[in-house]
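The notes are in the order I took them.

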Amino acid sequence: MDTIQAIKERRAINFFEPGKPLPDHVLNELLSIANLAPSSFDLQPWKVVAVRDPERKKKLRECAMNQQKVEEASAVLIMVADPDGVEENKDRMLESWQNLGYMKPEARKGTAGMIDSLYGTRDSLTRKYFAVKNTALYAMTLMLAAKGMGYETHPMDGFDEGCIKKEFGIPENKIIIMLVAIGKLKEGTVLLPRPFRRELDDFVSHENYSRK
Ligand SMILES: Cc1cc2nc3c(=O)[nH]c(=O)nc-3n(C[C@H](O)[C@H](O)[C@H](O)COP(=O)(O)O)c2cc1C
C-alpha cells in the first residue's frame, strides 16, 4: 500500500476482531518502522508500553472509560511522552551525528548547549511540549505503518492518566499522550463514511495568519 492510500484509508476503528493475537515479530516491526519518525534534534523522547495480555487489557479498559475496543483490539499501545528524553538520548544522538559526519567533533559542545537552551529544564512547559509533539509524530507514523501492514488502529485520549500510571508503573513526570489500539477489523463490520473534515479555507491562510 502506498503512503497516500494508507492516509486515505486509515480510520479510527471501533470494532476489532477479538482474540486475534499480534505476534512479537509484527509488533516489533511496527514499533521499529514508527521509530523512523522524525524528532527534534533526533532525541526520540517517546516510550511505549505494549499491552497484549487479556487481563492487562481488561485493567486498561477500566482506566479508559470502559471503551470496549481496548479489550477487543489485539494490542493497545500506551504512548508515553518523556520529558527526560533530552538527558536520556542526547549523548547517543551526538555520538551518532559525530560518527556519521553530520557534525565535526569541535561542534559537539555547542550543539549540546543549543539543545539545553532550546528545550529548557526537565519540568518546564517547553520540555513538555517538546516531548508531546515528538511522541505524537511517533504515534501517527505508527498508525500509518499499521495500515500499510494490513492492520487497523484507533487513537484514544478518553482515559484517566492517573489510573494508567498507577496500574502500569508509569512515573509521575511522564505524559501519556494517547492510547493506540491495533488489530484486525471485526468481520462483518461496515464502516460509516468518514466524518466531517473542514474545508481548507477554514484553517489555511497565506503569508499571514489572518490573510485568506
Ligand atoms: C488524540 C486522539 C484521541 C482520540 N480519542 C478517542 C477516544 O478516546 N475514543 C474514541 O472513540 N475515539 C477517539 N478518537 C478518534 C476520533 O474521534 C476520530 O479519529 C475522528 O472522529 C475522525 O475519524 P477517523 O479517524 O476515522 O478519520 C481520538 C482521536 C485522536 C487523534
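This is a predicted model: local features need pLDDT of at least 70, side-chain atom pairs count only at pLDDT 80 or more; totals for chains, interfaces and linings use all residues.

The entries below go from the sheet to the helix and then to the charged pairs.

Entry 1: I looked up the strand order and found an open sheet of four strands, β1-β2-β4-β3, with antiparallel pairing. β1 and β3 (152-156) are the edge strands, each pairing on one side only. From one strand to the next the twist averages 20 degrees.

**Entry 2: strand pairs.** I checked two of the pairings. β1 and β2 are antiparallel over six bridges, and here valine 51 stands opposite valine 76 in β2. β2 and β4 are also antiparallel, over seven bridges. In that pair I found methionine 79 opposite methionine 178 in β4.

Entry 3: Is β2 buried or exposed? Seven of its seven residues are buried, so β2 is largely enclosed by the rest of the structure. In a regular strand, side chains alternate between the two faces of the sheet. I therefore sorted the residues by face: Ala75, Leu77, Met79 and Ala81 are on one side, Val76, Ile78 and Val80 on the other, and all are buried. I also looked for a helix over the sheet. Helix α3 (residues 54-63) lies across β1, β2 and β4, and runs at about 115 degrees to β1.

**Entry 4: helix α5.** I compared the length of α5 with expectation. Its 16 residues should span 22 Å at 1.5 Å a residue, and the end C-alpha atoms are 21 Å apart, which agrees. The helix bends by about 30 degrees at aspartate 91. Which residues of α5 are buried? They include Gly85, Val86, Asn89, Lys90, Met93 and Leu94. The buried residues of α5 pack against α6 and α7 (125-148). Glycine 101 follows the helix, with a positive phi near 85 degrees.

**Entry 5: salt bridges.** How many salt bridges are there? I get a count of 17, taking a side-chain nitrogen of Lys or Arg within 4 Å of a carboxyl oxygen of Asp or Glu. I looked at three of them in turn.

Glutamate 88 and lysine 47 form one, with the closest N and O atoms 2.9 Å apart. This pair links distant parts of the chain, as glutamate 88 is in helix α5 (residues 85-100) and lysine 47 in strand β1 (residues 46-51), 41 residues apart. Both ends are partly exposed: glutamate 88 has a relative accessible area of 41%, and lysine 47 has 33%.

Aspartate 84 and lysine 174 meet in another, at 2.8 Å from N to O. Aspartate 84 lies in the loop between β2 (75-81) and α5, and lysine 174 in the loop between α8 (161-168) and β4 (175-183), so the pair ties together parts that are 90 residues apart in sequence. Here aspartate 84 is buried, and lysine 174 is buried too.

Arginine 108 and glutamate 95 meet at 2.7 Å, N to O. Glutamate 95 counts as partly exposed, at 35% relative accessibility.

Definitions and conventions. Residues are numbered from 1 along each chain as its sequence is written. Side-chain values use heavy atoms; hydrogens and water are left out. Helices (H or I, at least four residues) and strands (E, at least two) are DSSP runs, numbered from the N terminus. Buried means under 20% relative accessible area, exposed over 50%, partly exposed in between (1.4 Å probe, protein chains only). The expected span of a helix is 1.5 Å times one less than its number of residues. The bend at a residue is the angle between axes fitted to the seven residues ending there and the seven starting there. Contact means heavy atoms within 4.5 Å. Two strands pair if DSSP finds at least two bridges between them. Axes are lines fitted to C-alpha atoms, for helices over the stretch in contact, and angles run from 0 to 180 degrees between N-to-C directions.
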